[in-house]
Amino acid sequence: MSLFNHLLSRALPLWLLFFINFLVLLGKSQQEVLQVQVGIVLDTNATLAALSLRAINMSLSEFYNTHNGFKTRIVLNIRDSKRTVVGAALNSITLIMASRRGLSSTSEIPNELLLVLQLQVLFLSFVMNIHHFILDKEEGSGGHYRTREFNASTIFNQPRKSISIPIISFSASSPVLDSLRSPYFIRATHDDSSQVHAISAIIESFRWREVVPIYADNEFGEGILPYLVDAFQEINVRIRYRSAISVHSTDDLVKKELYKLMTMPTRVFIVHMLPDLGSRLFSIAKEIGMMTKGYVWIVTNGIADQMSVMGESSLENMHGVLGVKTYFSRSKELMYLETRWRKRFGGEELNNFECWGYDTATALAMSIEEISSNVNMSFSQTKRNTSRDDTGTDLDDLSFALSGPKLLQALATVSFKGVAGRFQLKNGKLEATTFKIVNIEESGERTVGFWKSKVGLVKSLRVNQTGIKISHSSHRLRPIIWPGDTIFVPKGWEFPTNAKKLRIAVPKKDGFNNFVEVTKDANTNAPTITGFCIDVFDTAMRQMPYAVPYEYIPFETPDGKPRGSYDEMVYHVFLGEFDGAVGDTTILANRSTYVDFALPYSETGIVVVVPVKDEREKGKWVFLKPLTRELWFLTAASFLYIGIMVWIFEYQANVRPSESIFTRVLVVVWCFVLLILTQSYTATLTSMLTVQELRPTVRHMDDLRNSGVNIGYQTGSFTFERLKQMGYKESRLKTYDTSQEMHELFLKKSSNGGIDAAFDEVAYVKLFMAKYCSKYTIIEPTFKADGFGFAFPLGSPLVPDLSRQILNITEGETMKAIENKWLLGEKHCLDSTTSDSPIRLDHHSFEALFTIVFVVSMLLLLAMLVCRRYRQESKSGEINANNSPTDGNMRAPPNQPTDDNMRAPTSPPIDDQVLEPPGPALNEADDQDQLLNDEVNVGDRNEVDIIVEVDPTLVHRRNLITSKTIPPEELHYSRGLSLHRL
């Protein structure tokens, strides 16, 4: 025990020495830490501002705990803006001047103010206003304060008087701030303009054509409008009206504005304002019945991001509203922060501003540490020349921060993965790439999809969908509950109950009344409009999903005559005199610049009609007309070819009777070909001699230009301008109003002031041909035209809905019924077609038949040659077999005795033989058979020790004898020759 006490007494001074040194080093390190003051201007009475300040303090505390080796520490100086812009400006200036003069009341640390951190969450800060107001006392003003107007960059960004202090705001999202072009103003948040493409994608996906923006009447609300207009122009969506509501408006003024919107046909509203005004707006909208079926409400992130601070009653009023909300990915950094936040502050949820504030404090701490080693963190010393006449203010004493430019550069380059995503400034602000689409219900919000900058609308971010910039179909979002608690997509517009009837102009014309006819009652003078076009329009309007009241107004003068051309009628629609035009109005490019056309409902094209003449084939050589010259020559050559092949086969048949089978097959095939050729010739010749052959008087449109004949066109039609563009002289163009007048002009012909051709649309020509089809025909070419269409003012929402109904009519049986009612005569007359030459049979028509004959003949010839070759080889084999010994060398065995009597007699010389005279043919033939048999059987005698040689000539002679064709004298000679050889 004494030993332990001894060691402890000796080691205690050493431990005390180490402890004292540690305290000295710790104190020295604390003295070396540079504390940097950062000013904060906020509304201390705002809930979101207080929560954001908590997030900043939490961020700095956690950051320095994990980076205890940093040499800098941020100290916050907080000022209350008193909910006014002037208060925010004055407190910012106070912080700057207090830092410069060393008047800080918070601590004894060096007073370098490097940044003003703006936390004016619910109200616009002074940097969001183009002009700001401060009070400045001036001599000569009677002791009163006057208002001095200056730009935000006057204090912070003027080249000569700039204090070079960066200002960071994570709540100032208005695009108006871009006009300041202040390099020292940084937005650690998303620009409001970044969400306009998400809104336009929603509008386009549901095919709404008109919208009405409702926005706060201040810089925050107006800042997004130019970007909305540009985005809607890209998708051809019209902004019918802009509704600006002041934040100071009473409920009666808001209700008056909403009643005004109810009288308009547009039912799609985009709301861009802050929650306080938004809650009042939706409460009044529900009260007056604008949250019912048929309405569409879309809110921007100004409301959608702050729904957590809105009460349950506000959510009930917003049932069925769509919202575009800022989206933060569920990263591990965000989830860890939410866990620590709930543990530290209870059940309060994090919002976007708290996340941005957390990341902003981290970025600021990193940037200050980066520049602390090589930058002088102080203000430049300036001295203002004072005099008795000096009317300046303390603003003139402001000097610039030496570390400002370096700090600005460090903030622009800092990049890290924060709780709100990747923190990286681009052009002085954060860039948004993803927004969440939510459907607001009474119980809260429900996610129905997302919008990505390079993809468009998607149901889920888990699916990799690329290549589609903007969605064109509503199925890319999940089912949505719309106002009125319905799942049916609103059409986006409807006629108000007190709306007036549409004034629809109809043309007044004298001819072709099957399409449009205007008649008046003799007693009341009330017009009655009928016709094919009128029935199509009435049917389409009855099938519309909503009621559209309208009335027909004839386009005529007071005395009942046509008021002008179709172009003039369309132009009056453009001027607003009429709400639409219905009739046989052709869709043209120049007219589409003044009006919008629905889809065409008639046949398209412009054709040329000319008379026909009968050119029936006559003459003594008409029998040659059915076949072309080439076919005649081919037939003659085929006959010659078949004759040669038959001769070849028959020649072989004389030698070999079995060869005649090839001739029979060839003749059968050739007779089949002749049967088809003969029947085709007979039918064609009959047609030429009996059927009337109608030929056009003009073959082509170009012949009209060269011949100088007159051409007719319908009065008031656009075809007149088309003919002039094609080079036809106006003096050669004649007009007509009815089909009867058109026929009479044809009868007169050009020589008597009539016409030789008519240039008109297919619909009119078909009606004309239904009555005179046997006398006229259509020639080439057919010119393009888009058919008849209904015209409406530019941007009219009726056009897409009416076009869909026209498609339903034209694809169904309804259009056939209407055509049968007004164009019935058209089906009784077939279209007259023309041909430049009579129908004749050419060699191409029978090319396959002649090919079959040739192939069959070649196959038969090849088969004949193969058979002949086979027989020759068979006979040669038999002869060789007969010439070869059959039993050794044909001699007797050596052990057998021989007998001279067994030998064959030696044949005498041929000269010593006596030839017998020829006998009867039949007996001699029998003798010849017996002789040849004996000659051949000689070799079979085993008793004779001789070799018999068979002459091939004998074999041939035997065949001749068998066929009974050898002459007797030749037979007698052959017998003698055979005996001699034996």
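Biologist: Which residues does the UniProt annotation "transmembrane region" cover?

Modeller: Residues 631-649, 661-681 and 848-867, according to the unreviewed UniProt entry. Keep in mind that the model is predicted.

Biologist: How much of residues 631-649 is helix, and how far apart are the end C-alpha atoms?

Modeller: Read the secondary structure and the end-to-end distance together. Residues 631-649 are 100% helix and 0% strand. Their end C-alpha atoms lie 27 Å apart. Residues 848-867 are likewise 100% helix, with 0% strand. There the end C-alpha atoms are 29 Å apart.

Biologist: Now a helix pair. At what angle do H21 and H22 pack?

Modeller: Angles of 65 to 115 degrees count as roughly perpendicular. Helix H21 spans residues 739-748 and helix H22 spans residues 762-772. They pack at about 65°, with axes 10 Å apart. H21 and H22 are therefore roughly perpendicular to each other.

Biologist: Is the crossing of H21 and H22 left-handed or right-handed?

Modeller: H21 passes H22 in a right-handed crossing. From H21, the contact uses Ser739, Gln740, Met742, His743 and Phe746. H22 contributes Phe768, Lys771 and Tyr772. By class, the residues of this contact are 4 nonpolar, 3 polar and 1 charged.

Biologist: What is the mean pLDDT of the chain?

Modeller: pLDDT is the predictor's confidence in each residue. The chain mean is 75, and 68% of residues reach 70 or more. Residues 466-473 fall below 50, and this stretch has 20 contacts in the model beyond near neighbours in sequence.

Biologist: How many contacts does the model have for residues 830-837?

Modeller: Beyond four places in sequence, 15. pLDDT stays under 50 over residues 830-837.

Terms used:
Residues numbered from 1 in each chain as written. Predicted model: local features only at pLDDT ≥ 70, side-chain atom pairs only at ≥ 80, totals over all residues. Heavy atoms only, no water. UniProt positions renumbered as here; feature names shortened; annotations may be inferred. Helix = DSSP H or I, 4+ residues; strand = E, 2+ residues; numbered from the N terminus. Axes fitted to C-alpha atoms, helices over the stretch in contact; angles between N-to-C directions. Parallel < 35°, antiparallel > 145°, perpendicular 65-115°, else oblique. Left-handed = near helix turned anticlockwise from the far one by under 90°. Contact = heavy atoms within 4.5 Å. Nonpolar A, V, L, I, M, F, W, Y, C, P; charged D, E, K, R; others polar. pLDDT = per-residue confidence, 0-100.
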